[in-house]
Amino acid sequence: MTDKAFILKSWDEQINVFHHNLLILRIRPTKNAVHDLRVAIKKIRSYLRLNKEITYSPINKEFDNIDLLFKTTGRQRDFEMSASLLSRYSRREKISAGHFRKVLQVDCRLTRKWTKQEAQNFNEEFLQILTGNIYASICPVPDEELIQKIKTLVNKIFKKTGKLSVTLKKNVHEIRKILKDPYYWLKSLPENSMLVEYRIKAFEKLLDNLGDWQDRFIFLNKLSQYKKEFAVKNDSEAAHLKKFEEAAKKEQADLFDKIRGNLKELFPNKKSDSIC
């Protein structure tokens, strides 16, 4: 092959994004750098999974080191997002976030230290090994074969998603988990290849709403954990926490309705009353 496979072009782009933001995290773990690095890792992982499906090459153990960085930055991201939601609810309801805010702020500072340390400890040779392996596997595969395989895999995952959406409340977490890979694969395709066929705009709206739903889920978990650990007895604080809980649950319910609508748009051939 004279031209580099489109998957390898996408791989190289994400490796560069990873490197750029890793350097930032080693100095100052900002929200934007954490976000961009985590998205790059998700895409890198999705390309490795695609490589496994196409060439039957196992995912190298070297990815475990990247996964550790992903999990560490995930802790920072979750606490910062929960702190951001709490500030928004506090302003909107015009009530104090009190001690709960202070606890989240402490956790944010602590997880930033963990992120910085993990970024400094990360050995970039692992990426070089992964890059060499995926190049060796993908280079012999023609683009046409890659595109057809992606189409087959996406259809398979979409079929599974359609079945899971029949009991949406039970499977919302699973749906969010399995849809990332096909989205990244489709976005890596040469321009105009199958993006209209797979309603990519509806796909993006669905993933955005699933992500926002997950943020409220995490916030509510942290709120529940706070109430258990600190045994809130102050009537004023308990009332405020109740307000925050109601606000998050209301937004989560609204997002659930949007997700249901997104799924109907993405799978128009399914009976509307079967997605519940």
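**Figure 1. Cysteine residues of the predicted model.** Cys 139 is partly exposed, with a relative accessible area of 35%, whereas Cys 108 counts as buried at 4% relative accessibility. Buried denotes under 20% relative accessible area, exposed over 50% and partly exposed the range in between, computed with a 1.4 Å probe on protein chains only. A search of the whole structure finds zero disulfides, a disulfide being a pair of cysteine sulfur atoms within 2.5 Å. This is a predicted model, in which local features need pLDDT of at least 70, side-chain atom pairs count only at pLDDT 80 or more, and totals for chains, interfaces and linings use all residues. Residues are numbered from 1 along each chain as its sequence is written, and side-chain values use heavy atoms, with hydrogens and water left out.

**Figure 2. The ring pair of Phe 100 and Tyr 226.** Rings of Phe, Tyr and Trp (its six-membered ring) pair if their centres lie within 6.5 Å; planes under 30 degrees apart count as stacked, over 60 as edge-to-face and the rest as tilted. By this rule the count comes to 11 aromatic pairs. In one of them, the ring centres of Phe 100 and Tyr 226 are 4.9 Å apart and the planes stand at 35°, so the pair is tilted. Phe 100 belongs to helix α4 (residues 98-121) and Tyr 226 to helix α8 (residues 200-230), so that the pair links distant parts of the chain, 126 residues apart. Helices (H or I, at least four residues) are DSSP runs, numbered from the N terminus. Both Phe 100 and Tyr 226 are buried.

**Figure 3. The ring pair of Trp 213 and Phe 217.** The ring centres of Trp 213 and Phe 217 lie 5.6 Å apart with planes at 15°, so this pair is stacked. Both residues lie in helix α8, four residues apart, about one turn of the helix. Trp 213 counts as buried at 9% relative accessibility, while Phe 217, at 29%, counts as partly exposed.

**Figure 4. Packing of α4 and α8.** The two helices pack at an angle of about 110°, with their axes 11 Å apart. Axes are lines fitted to C-alpha atoms, for helices over the stretch in contact, and angles run from 0 to 180 degrees between N-to-C directions. α4 and α8 are therefore roughly perpendicular to each other, a term for angles of 65 to 115 degrees.

How values were computed:
Parallel < 35°, antiparallel > 145°, perpendicular 65-115°, else oblique.
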